[in-house]
Amino acid sequence: MNAWFRVTLLAWVLASCAPRPRLTSSDSEQAEGSHAGASVAGAQLVELDLSSGAPESTEQASLFPLPASRTYVGLVRSLERLAQNRDAKGVFVRLGESGIDWAQSEGLARMFSRLRQQGKSVVCHAHGLTNSSMWLAAKACDRIWLSPAGSVDTVGIAAQVVYLKELLDKLKISADFVSAGKYKTFAESLTRSGPSQPARESLDAVLSSMREVWLGEMSTARKGPSITSSVEHGPWTAEEARERGLVDAIGIESEAREEAKHRARAARSVAMFGPEADSGRGVDMVEVLRFISGADVRSAGRPHIAVVPAQGAIVMQGGGLFESGGISARAMSKTLKRLKRESAVRAVVLRVDSPGGSALASDLIWHDVLQLRKAKPVIVSVGGMAASGGYYIASAANRIFAQRTSIVGSIGVVGGKLSFGPALEQLGVRTETFPASPEPGAAQRAAYLSALTPWDDAMRKRVSDQVNAVYDLFVRRVAEGRKKPVSLILQSAEGRIWTGAQGAERGLVDEIGGLGPALEAARNLAGLGSDAPVVIEGPAEGLLELLLLGDDASGAEVSARWKAARAQSNPLFSVIPSELRTFFQSLEPLLHGEHAVTALPFALSVK
């Protein structure tokens, strides 16, 4: 960026932005440390507000990223400090109607369990509990409070798959899809009226594995003869939940907080995570200026661990039908190459939560991760899933950590398109393809990506060959990254999904654990102490990529592009349920001329 833009944008921020918290975890950790270790008279009650969840990334729908202290990385670091804080005798956790997901709940439950083992009292209050947040509360809390009008919606685990073949047949829409791997069953949603046996087998095995882990954890966390039955037979009212031992008390948040304070024998409370922990800081304009000018605020040259969020669908570049976001190959490449050059970055933790997407983008990112690994340790921490293309890029790391309930694998490829030509003919609209070549088959070849023309057998065979070639490359990449024979990888391939527990048994995962253990492994490999800073990377590259601009963009270009992006927010994307958006994004490369995607065959969200 040029100097004029830096000054102009800074002036615009001063004039029109509401106060925003700080950007990166290196500096924000110092502020967090003041919450965790401030000198107080007597015992402390530490308050954690998880009611708004803990996003994996700093990216959000505003100009500047979310402060690193408010992300999941910031939460994990706060809990690490809390474990070392001798003044903290108790913890009060606001769960609200928390959006903490399945994998995060599993990881946080272990960290809170260690706090309880240290003798710290943990009291939690929720307005409502789901399958995943009930798991967190049961393992994390000595006492669970629920609002009087709240409920415990523990209803068991299930998956729903929508099959559209009969609708497409009625509309005369042709679904042309080919896949590599018998478990790569995305096309079944469009080409069948129900699941094939391989699809049922794969999904049943994964859900059974997740259920086994979940019930096992609940049975040890909450004592009672009907606990395992209760967590599958809800929803329960507040009174019913207390009678069944799912919660301990019913009351409002202030009552639970007073009990937490009493149990900790604390004279005062300190906010460590959430909006109250950031209130009063105001705008750190020095940090804003450094961010805009590209100056390094990450640790002032101090050796540190870099955490790179890789969340969402994998695409070549930001923008598109389903809006921007996800994992852009262009932005990710810039980040990884920069981290390779920076000597202060001693190890990198790639936090992956992705169902995959573009096969081309996945392969490019895989190569960048492998090159980074040759220079310094790279650890992958899997969030909810590292499936298909998500596992593709994860396989290039030194080690892979995943939760038992994370989704991994889906080593397979799918390619195809929907053809609307026959549907249009029903409305009196006909299409004619005029090939320049007189050779037989020229029209089919020239229009093979057209949404107006279905494939013939010859073209379907050509596309199938391409998809199988990408699949073979995918398997070889995983084998190379994991340093295992191709024959061994093939035993877990064919597009089949696995839980983290199953993946560990099959060598797809190195160790069961969340972000905390991954950070610890990164520190050990880098030879750093437990006090080494942790920095969330990527927001600067992501901002320019979001706007589809280069590093040398002028102030006028950025301003104009930002206003246009905000004004043209896609209404189609806003009406799609949030749990389905990443799934649709992962398939978008097919709309932009790519012939193959490495994407999960269905949208999977466990709560």
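I take buried to mean under 20% relative accessible area, exposed to mean over 50%, and partly exposed to mean in between (1.4 Å probe, protein chains only).

I am working with a predicted model, in which local features need pLDDT of at least 70, side-chain atom pairs count only at pLDDT 80 or more, and totals for chains, interfaces and linings use all residues. Residues are numbered from 1 along each chain as its sequence is written, and side-chain values use heavy atoms, with hydrogens and water left out.

Entry on two serines. I looked up Ser388 and found a positive phi of about 55°, although Ser388 is not a glycine. Ser388 sits in the loop between β14 (378–387) and α16 (389–394); helices here are DSSP runs (H or I, at least four residues), as are strands (E, at least two), numbered from the N terminus. Ser388 is buried, at a relative accessible area of 0%.

I then turned to Ser410, also not a glycine, and its phi is positive at about 55°. Its loop runs between β16 (407–409) and β17 (413–419). Ser410 counts as buried, with 0% relative accessibility.

Entry on a proline. I found a cis peptide bond between Gly234 and Pro235, with omega about 5°. Pro235 is in the loop between α9 (227–230) and β6 (236–237).

I checked α14 (residues 329–341), which has 13 residues. From first C-alpha to last it reaches 18 Å, close to the 18 Å expected at 1.5 Å a residue; the expected span is 1.5 Å times one less than the number of residues. Its buried residues include Ala329, Met332, Leu336 and Arg338.
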